[in-house]
Amino acid sequence: DPGGEWLKMDIGPLYRGALSSIDFDASGRVFIGASGGVVIFDPSAPDLTHTGYDVMLRAVRFDDRSGEMRQLALGMPQEVPAGPSSIRFEYSLPGLNGRNEIRYRARLRGYEPEFTDWEATSQYSYINLPPGEYAFEAVAQAPSGDISEIEPFEFRIVPPWYRSPWI
């Protein structure tokens with residue numbers, strides 16, 4: 001904007017010498033040539049400090065006892081075989097700003113009564129769960145203080161065949 005003011009904005013960590021050129025166009029956009037490509041700043045773009053997004057369950061993986069992690073389909077109840085194995089939940093709050101300020105809480109309903117304390121980690125693992133019905137829940141707190149939660153992921157650890165009821 002001709003006659004406007006300069007605003008100081010944090011554009012993330014940059015290394016010395018990473019910027020090679022800066023140019024402007026008639027609409028007020030700023031083009032920044034950087035060592036890894038071009039960055040375009042558009043002052044008319046929406047503010048990204050408020051994500052407005054909900055925490056997302058990104059993946060659920062379990063160790064199939066062969067040493068490989070297998071991914072479970074999201075959005076539907078799943079069955080996992082019993083035995084010495086682990087199950088890992090990966091979740092995150094989408095957004096660009098304040099990644100280090102996001103805090104999460106989680107719990108496995110059917111296994112633990114309370115949520116964990118607020119922490120920065122966005123994955124949680126369980127080892128050697130007994131057969132039973134479970135629902136994983138996660139809650140995120142954005143830097144703005146907004147709180148969102150995932151739809152619980154329901155799954156069942158199936159007992160081994162020799163512990164199944166005979167009918």
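The protein chain comes out with 0 helices and 12 strands, helices (H or I, at least four residues) and strands (E, at least two) being DSSP runs numbered from the N terminus. Read from the N terminus, the element order is simply β-β-β-β-β-β-β-β-β-β-β-β. This is a predicted model, so local features need pLDDT of at least 70 and side-chain atom pairs count only at pLDDT 80 or more, while totals for chains, interfaces and linings use all residues. Residues are numbered from 1 along each chain as its sequence is written, and side-chain values use heavy atoms, with hydrogens and water left out.

On the whole-chain level, 27% of the 167 residues are buried (under 20% relative accessible area, with exposed over 50% and partly exposed in between; 1.4 Å probe, protein chains only). The chain exposes about 11,800 Å², 52% of it from carbon and sulfur atoms; these areas come from the Shrake-Rupley method with a 1.4 Å probe. As for contacts (heavy atoms within 4.5 Å), of those with a separation of 6 or more, 52% link residues 24 or more positions apart.

Pro77 sits in the loop between strand E5 (69-71) and strand E6 (78-81). Its relative accessibility is 62%, so Pro77 counts as exposed. Pro77 lies 57 residues from Tyr134 in sequence, with 9.7 Å between their C-alpha atoms.

Then there is the charge side of things. Asp54, Glu149, Glu151 and Glu154 form a negative surface patch (residues with over 30% relative accessible area and no salt bridge, like charges joined within 9 Å). A salt bridge here would be a side-chain nitrogen of Lys or Arg within 4 Å of a carboxyl oxygen of Asp or Glu. Glu154 belongs to strand E12 (residues 153-158), and at 42% relative accessibility Glu154 counts as partly exposed.

How values were computed
Patch = residues over 30% accessible without salt bridge, like charges linked within 9 Å, V, L, I, M, F, W, Y side chains within 5 Å. Lys, Arg positive; Asp, Glu negative; His and termini not counted. Charge placed at Lys NZ, Arg CZ, Asp CG, Glu CD.
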